[in-house]
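Please read them with the model open.

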Amino acid sequence: MDIKRIALGLGLVTALLVQSGCGVFGGGRGQPVDTPSAEETNDQIIYGDRGKPRGTIWDIFRARPDQGQVGQVNKYIWNAALETLNFLPVQSVDPFTGVITTGYGTPPGGGRAYRATIYVNDPALDARSLNIALMTRSGPVAPATVRAIEDAILTRARQLRAQDSKL
């Protein structure tokens with residue numbers, strides 16, 4: 001009697017597994033999974049939402065992007081900031097985020113040491129693209145001094161742009 005019960009139980013379990021299509025005995029076949037190729041995956045990682053660039057012979061007639069950009073910042077403001085504040089030792093620069101961090105330095109003819117953090121946040125040659133945090137060892141600098149430094153940097157950036165346009 002025990003053998004009949006065991007055989008009946010195994011038969012029921014087998015029938016249930018086959019009917020449920022769980023695939024234990026090869027009865028259930030899943031749908032093929034549509035996975036992108038390795039090349040498509042690499043293109044997605046590299047190019048993101050922009051898509052893979054396509055080039056043709058007609059590209060020479062298309063408008064070119066502004067050559068005044070380095071990463072996401074304006075190269076004229078970037079270079080003008082480095083030239084204007086060249087008396088400060090540069091600690092770190094990142095043209096892709098637009099941040100220049102300097103250490104303490106004394107301007108020529110001055111007696112007070114300054115430290116600056118320059119943030120160029122836009123590719124446009126515009127006053128809104130430039131933010132400066134200037135401080136001394138005793139604390140922040142007067143807003144008029146910061147404004148004067150910003151004006152000097154923007155003036156030099158316009159001069160650099162004018163020099164580039166003459167070439």
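1. Helix H3 passes helix H4 in a right-handed crossing, a term that applies if the near helix is turned clockwise from the far one by less than a right angle. The contact (heavy atoms within 4.5 Å) draws on residues of both helices, including Tyr76, Ile77 and Ala80 of H3 and Ile153, Leu154 and Leu160 of H4. Its residues divide into 9 nonpolar, 2 polar and 5 charged, where Ala, Val, Leu, Ile, Met, Phe, Trp, Tyr, Cys and Pro count as nonpolar, Asp, Glu, Lys and Arg as charged, and the others, Gly among them, as polar.

2. This is a predicted model, in which local features need pLDDT of at least 70 and side-chain atom pairs count only at pLDDT 80 or more, while totals for chains, interfaces and linings use all residues. Residues are numbered from 1 along each chain as its sequence is written, and side-chain values use heavy atoms, leaving out hydrogens and water.

3. H3 (residues 75-84) and H4 (residues 143-166) pack at an angle of about 125°, with their axes 8 Å apart; axes are lines fitted to C-alpha atoms, for helices over the stretch in contact, and angles run from 0 to 180 degrees between N-to-C directions. Helices (H or I, at least four residues) and strands (E, at least two) are DSSP runs, numbered from the N terminus.

4. An open, antiparallel sheet is formed by 5 strands in the order E3-E4-E5-E6-E7, with pairing requiring at least two DSSP bridges between two strands. E3 (90-94) and E7 (139-140) stand at the edges, each with a single partner strand, so one side of each is left without a neighbour in the sheet.

5. E3 and E4 (residues 99-102) pair over 4 bridges in the antiparallel sense, and Val93 stands opposite Ile100 in E4. H3 packs on this sheet, touching E3, E4, E5 (114-120) and E6 (130-136), and its direction makes about 5° with that of E4.
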